[in-house]
Amino acid sequence: MSGSPGSVVTRYAYDNIVAMDSARETHSPVLLEETMRFWVTKKDGFYIDLTLGMAGHADELLSRYPKASCLGLDWDFKSLELARERLQKWGTRVIVRQANFADIGNILENLKIEAADGMLFDLGPSAYQIFKGNFGISYQKDEYLDMRLGGRETMSPAADLLKALTPAELQCLLTDFGDLPGHLAKKIAGCIKSAAEPPQTTGQLVGLLGIVSSNRRIWARVFQSLRLVVNREMENLNALVAAIPGCLRPGGRAVAITFHSLEDRLVKQAFKKYAREGLFKLLTPKPATAANEEVRSNPRSRSAKLRAVEKCGAKS
Ligand SMILES: C[S@@+](CC[C@H](N)C(=O)[O-])C[C@H]1O[C@@H](n2cnc3c(N)ncnc32)[C@H](O)[C@@H]1O
């Protein structure tokens, strides 16, 4: 069988490789149309993008709705600088802050902002952070095993975490945050902890994982579980979700885009609870997902799930 890009059989794989390469260059916002549909309720509203990243969603909002304004947060200083550059053309319609979204209540108070018409959080790392940012979160690049995306002063790098954990603690981390079966988590933890030197780089960690399994999905889960713990991602998401009711006006909406089952479960349960309590209306009984075309052009969208809720009460 010919392996040329033109052959029918290889066409799909070739398209995927090309798409992956371009995703490395630029971060394409996922589920853009669906996000705009759920996030925006008032053309002249005030919106919060809690995970600004490369500002793909925020830029689209400000260009589609010339009277809308936006507060954008990201805790990664490097991403924030790129976003600030991209958004500066919108002048005073946009405020950009380096912050952890878990602090959204205090941030609004300090800015003397009462509430917003919409909140968006598009979780996980951006393509920039995976491929260009030297964060050590990808098994595809050999660099220091850091993984801290924000708040470097208060967090320990993944290399230090791996050194400090006992084999049993590491096994728990891999099952709880990587969803790995117990026997596999035990094997991986044993292999990492019995190495002559604790891994200091992503390449060294991949070398150890390769002893246990050649399955890259398993490597990805190990990397994901370490990233989640280093950045306290689930704790931060919990705090953000708890703050949502106090940050939105009646009629305002919260839109969440998640990329793995732990995040999705947390958001789904919280949104359902708010709906049961009569605080919010559930807008997505089933999550919105990317169409085949988007998955082909932006492979990162494959696992994206969008859920949205609307705050109940009289609209102003
Ligand atoms: C997937 S990217 C967002 C991409 C963005 N929607 C776009 O279109 O370019 C997620 C961003 O959220 C940021 N982030 C993750 N956790 C955060 C937190 N707790 N507080 C603030 N920013 C966070 C990451 O640094 C990353 O830049």
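In the predicted model, the ligand is surrounded by 23 residues, and the closest are Pro-29, Thr-51, Gly-53, Met-54 and Gly-56. A residue counts as near a molecule or strand if its C-beta atom, placed from the backbone, lies within 6 Å of it. Two or more residues of this shell come from each of H3 and strand E2 (69-74). Helices (H or I, at least four residues) and strands (E, at least two) are DSSP runs, numbered from the N terminus. By class, the shell around the ligand holds 9 nonpolar, 11 polar and 3 charged residues. Here Ala, Val, Leu, Ile, Met, Phe, Trp, Tyr, Cys and Pro count as nonpolar, Asp, Glu, Lys and Arg as charged, and the others, Gly among them, as polar.

Residues are numbered from 1 along each chain as its sequence is written. Because the model is predicted, local features need pLDDT of at least 70 and side-chain atom pairs count only at pLDDT 80 or more, whereas totals for chains, interfaces and linings use all residues.

The domain assignment divides the chain into domain 1 (10-128 + 234-311) and domain 2 (156-230); such bounds come from an automatic or database assignment. Taken over C-alpha atoms, the centres of domain 1 and domain 2 are 30 Å apart. Contact between the domains involves 4 residues of domain 1 and 4 residues of domain 2, two residues being in contact if their C-beta atoms, placed from the backbone, lie within 7 Å. On the side of domain 1 that touches domain 2 there are 2 nonpolar, 2 polar and no charged residues.

Two packed helices are described by the angle between their axes and the distance between the axes. Axes are lines fitted to C-alpha atoms, for helices over the stretch in contact, and angles run from 0 to 180 degrees between N-to-C directions. Helix H2 (residues 32-39) packs against helix H3 (residues 56-64) at an angle of about 60°, and their axes are 11 Å apart. H2 is therefore oblique to H3; angles under 35 degrees count as roughly parallel, over 145 as roughly antiparallel, 65 to 115 as roughly perpendicular and the rest as oblique. In this contact, Leu-32, Thr-35 and Met-36 of H2 meet His-57, Glu-60 and Arg-64 of H3. The contact of H2 with H3 has 2 nonpolar, 2 polar and 2 charged residues.

The axes of helix H12 (residues 233-247) and helix H13 (residues 261-276) come within 11 Å and cross at roughly 20°, so H12 is roughly parallel to H13. H12 contributes Met-234, Leu-237, Asn-238, Val-241 and Pro-245 to the contact, and H13 contributes Leu-262, Glu-263, Leu-266, Val-267, Ala-270 and Tyr-274. These residues divide into 9 nonpolar, 1 polar and 1 charged.

Helix H8 (residues 167-178) and helix H9 (residues 182-193) pack at about 135°, with axes 8 Å apart, and H8 is therefore oblique to H9. Among the residues in this contact are Leu-170 and Leu-174 of H8 and Ala-185 and Ile-188 of H9. By class, the contact of H8 with H9 has 7 nonpolar, 4 polar and 2 charged residues.
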